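The following exercises are to be worked with the sequence and the model side by side. Each task is followed by a solution in steps.

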Amino acid sequence: MKPSRPGEGAEVDQPDVGACLARLAELGVEFRTEAGPINGEACAVAMPIRLGGLVVRHGAGVSIQFPARPLIDCRLAEPLALWVGRVIAPVLAGTFSSALKAVTTGPGFECRNRNHEPGGKISTHATGFALDISGFELANGRVLSFGSNGDPEAQTALQTVRTAACGWFTTVLGPGSDAAHEDHLHVDIQRHGTDQNYRICQ
């Protein structure tokens, strides 16, 4: 489906591909660059990368995988890596005494409108600035999922990382925000408002 038109505030910064890729490498992000997907004028990823994993270098050092290998813009990968490495990994390890092994996500880039509606604004997924996260897998085999009725300890940990996400991303939507996000956490870096500084955290 071809979205109706580009959404307002879809641009984040003028692309500087080399500098962004260098920052990802410094953060321990495992990725490969790809040609930008384009579907008409509406859908395009200016700085596309295929996200593979993240090597967290502090402590004993762990490699966190992204099994879906999502296609996202490099500029989204940077705050994502910081959030996963500095918040999610230590919170889950401290809570469950097991390292974070994998982050379960959607595909990242999708050429569609918001919430798959036939009309309206284009989704932030269509520019590679958004990623849906359904849960986390720990090294001990435990799986934590957004939207599931897990035990209180798991729900507290998930709420902690969800709240922290609001400091890294401009939009955070998850269970309880609306029907379209009942089983996953949506994070993106699209700018909002007339001053481009408005944040949506629900």
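**Exercise 1: Phe-96**

Phe-96 has its place in helix α2; helices (H or I, at least four residues) and strands (E, at least two) are DSSP runs, numbered from the N terminus. The model is a predicted one, in which local features need pLDDT of at least 70 and side-chain atom pairs count only at pLDDT 80 or more, while totals for chains, interfaces and linings use all residues. Residues are numbered from 1 along each chain as its sequence is written, and side-chain values use heavy atoms, with hydrogens and water left out.

Task. Determine whether Phe-96 is buried or exposed, and list its contacts beyond four places in sequence.

Solution. 
- Step 1. The relative accessibility of Phe-96 is 10%, so Phe-96 counts as buried. Buried means under 20% relative accessible area, exposed over 50%, and partly exposed in between (1.4 Å probe, protein chains only).
- Step 2. With neighbours within four places in sequence left aside, Phe-96 is in contact with Leu-138, Asn-140, Arg-142, Leu-144, Glu-153, Ala-154 and Ala-157. Contact means heavy atoms within 4.5 Å.

**Exercise 2: Two helix pairs**

Task. Describe how α2 packs with α3 and how α1 packs with α2.

Solution. 
- Step 1. Two packed helices are described by the angle between their axes and the distance between the axes. Axes are lines fitted to C-alpha atoms, for helices over the stretch in contact, and angles run from 0 to 180 degrees between N-to-C directions.
- Step 2. Helix α2 (residues 74-96) meets helix α3 (residues 152-165) at about 165°, and their axes are 10 Å apart. The two are therefore roughly antiparallel. Angles under 35 degrees count as roughly parallel, over 145 as roughly antiparallel, 65 to 115 as roughly perpendicular and the rest as oblique.
- Step 3. The crossing of α2 and α3 is right-handed. A crossing is left-handed if the near helix is turned anticlockwise from the far one by less than a right angle, and right-handed if clockwise.
- Step 4. On the α2 side, the contact is made by Trp-83, Val-87, Ile-88, Val-91, Leu-92, Thr-95 and Phe-96. On the α3 side, Glu-153, Ala-154, Ala-157, Thr-160, Val-161, Ala-164 and Ala-165 take part.
- Step 5. By class, this contact of α2 with α3 has 11 nonpolar, 2 polar and 1 charged residues. Ala, Val, Leu, Ile, Met, Phe, Trp, Tyr, Cys and Pro count as nonpolar, Asp, Glu, Lys and Arg as charged, and the others, Gly among them, as polar.
- Step 6. Helix α1 (residues 17-27) and α2 pack at about 20°, with axes 9 Å apart. These two helices are therefore roughly parallel, and α1 passes α2 in a left-handed crossing.
- Step 7. Cys-20, Leu-21, Arg-23, Leu-24 and Leu-27 of α1 meet Cys-74, Arg-75, Ala-77, Glu-78, Ala-81 and Leu-82 of α2. The residues of this contact of α1 with α2 divide into 8 nonpolar, no polar and 3 charged.

**Exercise 3: Positive phi**

Task. Locate Arg-69 and Ser-97, and state the phi of Arg-69 and of Ser-97.

Solution. 
- Step 1. Most residues other than glycine have a negative phi.
- Step 2. Arg-69, in the loop between β5 (62-65) and β6 (71-73), has a positive phi near 45°. Its relative accessible area is 33%, so Arg-69 is partly exposed.
- Step 3. Ser-97, in the loop between α2 and β7, has a positive phi near 55°. At 69% relative accessibility, Ser-97 is exposed.
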